[in-house]
Amino acid sequence: MKVSRTQRWAVGAPPLLYLLIFFAIPTLIMVVASFRQPGEYGGLAPLFLEGENGTWRLDVTLESYRAVFSDTLYTGLFLKSFGYALVTTFACLVIAYPLALLIARSPAKVRDLLVLLVILPFWSNFLIRVYAWMIILGPQSAFILGLNGLLGSVGLEPVELLNTPFAVVVGLVYVHLPFMVLPLYANLEKHDPSLLDAAQDLGANAWQRFWRVIFPLSLPGVYAGAALVFIPAFGIFAIPDILGGTTGIMIGNVIKQQFLETRDWPFGSVLSMILTAIAVLVAGLAAWFARRSRL
Amino acid sequence: MALLEIKNLTRRFGSFVAVDNVSLSINVGEFFCLLGPSGCGKTTLLRMVAGFDQPDLGGVWIDGHDVSSVAPEHRDVHTVFQSYALFPHMSVFDNIAFPLRMAQVAAAQIRARVDEALEDVRLSGMSKRYPNELSGGQRQRVAVARALVNRPKILLLDEPLAALDAKLKEQMQLELITLQKEVGVTFIYVTHDQQEALALAHRIAVMNHGRIEQLDEPSKIYNSPKNRFVADFIGTCNLLDASVTSAGGERMRLEIAGLGSVSQSQSEGASVGAKGVLALRPEKISIGYAVPADAELNHFHGKVFDFLYLGDVTLYVVEMENGQRIEAMLPNSAPGRAKFFEPGDAVEVSWRTDAGTFLLD
């Protein structure tokens, strides 16, 4: 079928416009903001300054970049957030894989129900679900009391889980799990069962069938799921805010702080730029790996 | 001792009996065909030999060992699947090396044996390709090479040529025969294509409704079908309902409903009053404007109804006086016109008394 120029634009324009307004322009604003001076009372200073004899000059500076890169505190926070996101991605993969495999192997009727159960948490508000974890991991919960009772009975010190990095990772894994399950399931469901018969017929045991056939064939799903979990987990601030206390702080919290509390917008913009750059890099890497696996 | 022994094998799915009390034995180096219409149980039988399915009754013995509790990965039996089931994420080399790696063959040996297997199926130099870069015929060869590379005792082939076009199919049939002779592995070949079975097999088991209707050499299956199903399923066959009016000696007489009396070689167990069917191959029936003088001929009047020109032969459909239609096949290589009779021509239909087979019901 031949598609006319007008038709192509009619289909392509709305998403293009959406990306322009909600992604390209804000990113551009952020890029510009990262070079500007902070305002006297927060926010941004005027972009143009009036000179002595009626001339105007652009008031830009690399000061915010210098400040970010000269303080190891921020490099450390980026590394820590990267680490949390990596652990979260890995934990999601380990939990989601058997689940996705189970759903993909279920009879068609059960399959739809199980997929519904995976997306069921989306029916309630994100913050409420994270607050629920605050109660579950809090010092008075049945879970913590039981756990500490058990630890005490074998002579171990009681533990506190809330306001620790552990609580942050639990929250991150909980919230992002469906984003790993769904692409994995979509991939595994398409696998040709005769490939597994062939592998078994040619001498592969259950373990070898998994590592040599199922897993390599599912790599595009793994990469897609990893990108969908890693990128939002890397920049998130709500979960460490609620579950992390002071030790579980992530780079997203600092960015939020720069914009809303410290009100140093140029500084916050620089941090955001670095965050975005790393996210784009990770997404690109995932896409590159997925293409390289030739599936 | 037989290499593969199948005894009283039965497999039910609910109330449906897929394989019904089948027993057979297959010898070392044999090219054996399981032939039957779809749903006759041939693939279920194959899956029980491979180990993917378990029989409800009876069992499978390989080299004298009961393999009922042996998993597919531990049976010395490999399968060429109908869909080929090549691993899409592996190159041709890695696909063929797969069974060797599973058997923990040393890496140095793998190289040599994969190259050899590629040579066997005439795909040398293709080892770096991926399955999606191969044609249907090439994929089929890779599947065969992969299944044969570590020389299993038995190779199962589940309709491996079904997806190929006619010309390529014929070529692959010839190559499979050569390959089987070269490697000496026992082949068990499942197909619904009777021509393929006749062309390939040393012996054929014709299956229907989960049972073996006849197990014989191809020429016996074709020339002496044991019952109505086999006669009808293998090739084309005229089936005339008949009953015995006189028996004994070399000839018996049959009364064909609405047509008349014919002479026919005496068949075993056919006594006066027995009912059955006279099976006549089209190529054993002649038609002509006059009856050749031969006492051994049965002949009837008929009228050419239609014909199919098939290149090497022409198939005539002749309507008999009772309205029954009989197919007669005549070679076109005879001198003169390629086509001899036109629809509407009055002809004499004749066949020798030993041309047909009388099958008791």
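What percentage of the 361 residues in chain B is buried? Buried residues come to 40% of them. Keep in mind for every view below that this is a predicted model.

**View 1. Chain B as a whole, with its 8 helices and 20 strands.** If you take the contacts in chain B with a separation of 6 or more, 64% of them link residues 24 or more positions apart.

**View 2. An open sheet of 6 strands in chain B.** Reading across, the strand order is β6-β7-β8-β3-β9-β10, and the pairing is mixed. The edges belong to β6 (77–80) and β10 (211–216) of chain B; each has a single partner strand, so one side of each is left without a neighbour in the sheet. Going from one strand to the next, the twist averages 20°.

**View 3. The parallel pair β7 and β8 of chain B, with a helix lying across β6 and β7.** Here β7 (residues 154–158) and β8 (residues 186–191) of chain B pair in the parallel sense, with 5 bridges between them. Helix α4 (residues 136–148) of chain B lies across β6 and β7 of chain B. Relative to β6(B), helix α4(B) runs at about 175°.

**View 4. Inside the largest nonpolar core, a set of 108 residues.** The residues with the most contacts inside this core are B:Val49, B:Ile96, B:Ala145, B:Ile188 and B:Tyr189. Helix α4(B) gives the most to the core, putting in 6 residues. Pick B:Ile188 and look around: leaving out residues up to four places away in sequence, B:Ile188 touches B:Ile26, B:Phe32, B:Leu34, B:Leu46, B:Val49, B:Ile154 and B:Leu156. There is also a second, separate core of 47 residues, which includes A:Ala96, A:Val169, A:Val170 and A:Tyr174.

**View 5. Helix α1 (residues 42–50) of chain B, mostly covered.** How many of the 9 residues in α1(B) are buried? The count is 8. The buried set is B:Lys42, B:Thr43, B:Leu45, B:Leu46, B:Arg47, B:Met48, B:Val49 and B:Ala50, and both B:Leu46 and B:Val49 turn up among the residues that B:Ile188 touches. Just past the end of α1(B) sits B:Gly51, with a positive phi of about 105°.

**View 6. Strand β19 (residues 346–352) of chain B and two antiparallel partners.** Strand β15 (residues 286–288) of chain B is joined to β19(B) by 3 bridges, and the two run antiparallel. In that pairing, B:Ile287 has B:Val349 as its bridge partner. Strand β16 (residues 297–309) of chain B also runs antiparallel to β19(B), through 7 bridges. There, B:Gly302 is bridged to B:Val347.

**View 7. Where chain A meets chain B.** The contact involves 17 residues from chain A and 18 residues from chain B. On the chain A side, α8 (193–201) and α9 (206–235) each supply at least two residues. The largest share of that side, 6 residues, comes from α8(A). Sorted by class, the side of chain A that touches chain B has 8 nonpolar, 6 polar and 3 charged residues.

Conventions
Residues are numbered from 1 along each chain as its sequence is written. Chains are lettered from A and ligands numbered from 1 in the order in which they are written. This is a predicted model: local features need pLDDT of at least 70, side-chain atom pairs count only at pLDDT 80 or more; totals for chains, interfaces and linings use all residues. Two strands pair if DSSP finds at least two bridges between them. Helices (H or I, at least four residues) and strands (E, at least two) are DSSP runs, numbered from the N terminus. Two residues are in contact if their C-beta atoms, placed from the backbone, lie within 7 Å. Ala, Val, Leu, Ile, Met, Phe, Trp, Tyr, Cys and Pro count as nonpolar, Asp, Glu, Lys and Arg as charged, and the others, Gly among them, as polar. Axes are lines fitted to C-alpha atoms, for helices over the stretch in contact, and angles run from 0 to 180 degrees between N-to-C directions. A residue is buried if 20 or more other C-beta atoms lie within 10 Å of its own, exposed if 12 or fewer, and partly exposed in between; C-beta atoms are placed from the backbone. A nonpolar core is a set of buried Ala, Val, Leu, Ile, Met, Phe, Trp, Tyr and Cys residues joined through C-beta atoms within 7 Å.
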